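Please look over the sequence and the structure first, and keep both at hand while reading.

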Amino acid sequence: SYRLTFDDGSEIEACADHLWLTYDIKELAALTRRDPDWKARRRAARPSRAKGNKSEAFRLSISARNSRDAVGAPLPSGSVRTTQEIVDTLRVRGRTNHAVPVAGSLDLPHAQLPVDPYVLGVWLGDGTKRSGGITGIDLDILDHVEAAGYPVTHSAREAKRHYATGLVPHLRAAGVFNDKHVPASYLRASSAQRRALLQGLMDTDGHAALDGACEFDNTNRRLIDAVYELVCSLGMKASITEGRAKLYGKDCGAKWRVKFMAQGEVFKLQRKQSRLKTTLRRTNRFRYIVKAELIEPVPMRCIAVDSPSRLYLAGKSFIPTHNTDLLLGLATTKHQRTVIFRSQSVDLVALWERLQEIIPNPAKSDSQRKSMRLKDGRMIETGHLDVPGSERGWM
């Protein structure tokens, strides 16, 4: 068993035989060469090698290669590797050698929520936990709150104090009144709803740095974890750092910061959104495996999902990982006679297709019974156990 650590601080524990889809240095370099912006910068920074004191054959070959790369060249799609293979080739020439793509935004259905997501984000950031009060000076934020159906009144004594009428009953229904946190239903709402929630949080307690990086600071660890999950669920790479909160030099306890490079609109406030970059570096689209530690073996379960890519998401960061072929691996390398069962016959289709990919030319194959005999004599059968007692026929 190994603990893999990624450059954003994420950790995943996996057995040596577990499969991953990773891009190594060569595959990442090939991706870079296909990038139009990179090509334009490179072309502007160096003279053409197709000119000068070169033969006509050399000039034509360079021009042909450049044209081939520019039009119709297939993009590298990474390679499936075991944890052990990753560990054995963790670094090449002192550089990290493996990277896993950042997953896209979770595609989830629209949810019926008791509080408008943006308003909830604003209240979680700048609201009073025992009322519908909101503290702030940005009138644009209050306009968005009113547009969501909560009329806003303003304090005559304090310019920063405001009150969202009708918000308290909805806060109680959401279970957050006097208990600031993000309910699970909001974390699994639609992409638009999750983005609106993040915008409310970022408009109040978020910051857009001059380099385009986004930051969210808070002393509430539950809010920090929720913002981190929101960011990752929207297809962005994030990290959490810990520090100390201070007021006039006094240590007020721990604080945390979520930092990420934004994709799309993560602020409604234009003065913040306008600072963000419109393009991202490749490092923001991948998580790089920076460390692999051998750990004491622990119970692990091999997982396979029915998806065309054969990938599923693991960990709090939604890291893509690959279906494990452990059973098929044992059947094709360790055992002489194997039967692999599923609950229903329809569930055997993906298993049989994968077995055919692993063993494309067996000695004998029966697609009806979904059984196979290998050239070394091994026998692999599949079956379904749809009713209690059907296992007796296989004894």
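A residue is called buried when its relative accessible area is under 20%, exposed when it is over 50%, and partly exposed in between, with a 1.4 Å probe and protein chains only. Helices (H or I, at least four residues) and strands (E, at least two) are DSSP runs, numbered from the N terminus. The model is a predicted one, in which local features need pLDDT of at least 70 and side-chain atom pairs count only at pLDDT 80 or more, while totals for chains, interfaces and linings use all residues. Residues are numbered from 1 along each chain as its sequence is written, and side-chain values use heavy atoms, with hydrogens and water left out.

Begin with helix α7, which covers residues 167-174 and has Leu167, Val168, Leu171 and Ala174 as its buried residues. Seen down the axis of α7, these buried residues fall within an arc of 120° (the arc of the directions from the helix axis to the C-beta atoms), so they line one face of the helix. An α-helix has 3.6 residues a turn, so residues three or four places apart point the same way. On the other side of α7, Arg172 and Ala173 are exposed, whereas the buried residues of this helix pack against α5 and β10, where contact means heavy atoms within 4.5 Å. Just after α7 comes Gly175, which takes a positive phi of about 80°.

Just after α6, Gly149 takes a positive phi of about 105°.

Turn now to Gln273, which lies in helix α11 (residues 270-273) and counts as buried because its relative accessibility is 13%. What does Gln273 touch, not counting residues up to four places away in sequence? Its partners are Gly264, Glu265, Val266 and Phe267. A polar atom of the Gln273 side chain lies 3.3 Å from the backbone oxygen of Gly264, and a polar atom of that side chain lies 3.1 Å from the backbone nitrogen of Phe267. Gly264 itself has its place in the loop between β14 (250-261) and α11, and, with residues up to four places away in sequence not counted, Gly264 touches Arg195, Gln273 and Leu276.

Key:
A polar contact is a pair of N or O atoms within 3.5 Å; within protein, one must be able to donate a hydrogen and the other to accept it, and residues adjacent in sequence count only if both atoms are side-chain atoms.
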